[in-house]
Amino acid sequence: MKREFLQSLTVGDMALPKEVIDTIMAENGRDIELAKQVGSQWEEKYNQAVEDHEKQVKALHLQHAVQTAVT
């Protein structure tokens with residue numbers, strides 16, 4: 001959210017007070033930081049899942065190659 005947007009809002013014919021805008025912006029900043037943290041956690045889980053999957057695929061390829069060689 002941009003500060004200019006809040007500054008353009010009015011209640012009746014009065015603009016929002018600077019203190020209200022500052023409070024809203026601070027809360028918005030906390031929300032953004034929380035979303036970044038959650039996103040980072042999901043990114044780590046995704047990267048780990050991809051790594052685990054690649055290991056499983058390599059193991060299956062090796063297992064299949066050994067079975068093919070044995071038969």
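Guide: Arg3 has a relative accessible area of 31%, so Arg3 is partly exposed; the label covers values between buried, under 20%, and exposed, over 50%, found with a 1.4 Å probe and protein chains only. This is a predicted model, in which local features need pLDDT of at least 70 and side-chain atom pairs count only at pLDDT 80 or more, while totals for chains, interfaces and linings use all residues. Residues are numbered from 1 along each chain as its sequence is written, and side-chain values use heavy atoms, with hydrogens and water left out.

The side chain of Arg3 forms a salt bridge with that of Asp22, at 2.8 Å from N to O. The term means a side-chain nitrogen of Lys or Arg within 4 Å of a carboxyl oxygen of Asp or Glu. Arg3 belongs to helix α1 and Asp22 to helix α2, so this pair ties together parts 19 residues apart in sequence. Helices here are DSSP runs (H or I, at least four residues), numbered from the N terminus. Asp22 is also partly exposed, at 28% relative accessible area.

Asp22 has another partner: its side chain meets that of Lys18 in a salt bridge, again listed at 2.8 Å, N to O. Lys18 and Asp22 are four residues apart in helix α2, which means about one helical turn separates them. Lys18 is exposed, with a relative accessible area of 57%.

Further along, Arg30 and Glu27 make a salt bridge of 2.7 Å, N to O. They are three residues apart in helix α2, so about one helical turn lies between them. Glu27 counts as partly exposed, at 38% relative accessibility. A search of the whole structure finds five salt bridges.

Helix α1 spans residues 3–8 and also holds Phe5. Phe5 is partly exposed, with a relative accessible area of 46%. Together with Met1, Leu9, Val20 and Ile24, Phe5 makes a nonpolar surface patch of about 410 Å². Patches take residues with over 30% relative accessible area and no salt bridge, joining like charges within 9 Å and nonpolar side chains (Val, Leu, Ile, Met, Phe, Trp, Tyr) within 5 Å. The areas come from the Shrake-Rupley method with a 1.4 Å probe, and for residues only the protein chains shown count as cover.

Notes. Helices (H or I, at least four residues) and strands (E, at least two) are DSSP runs, numbered from the N terminus.
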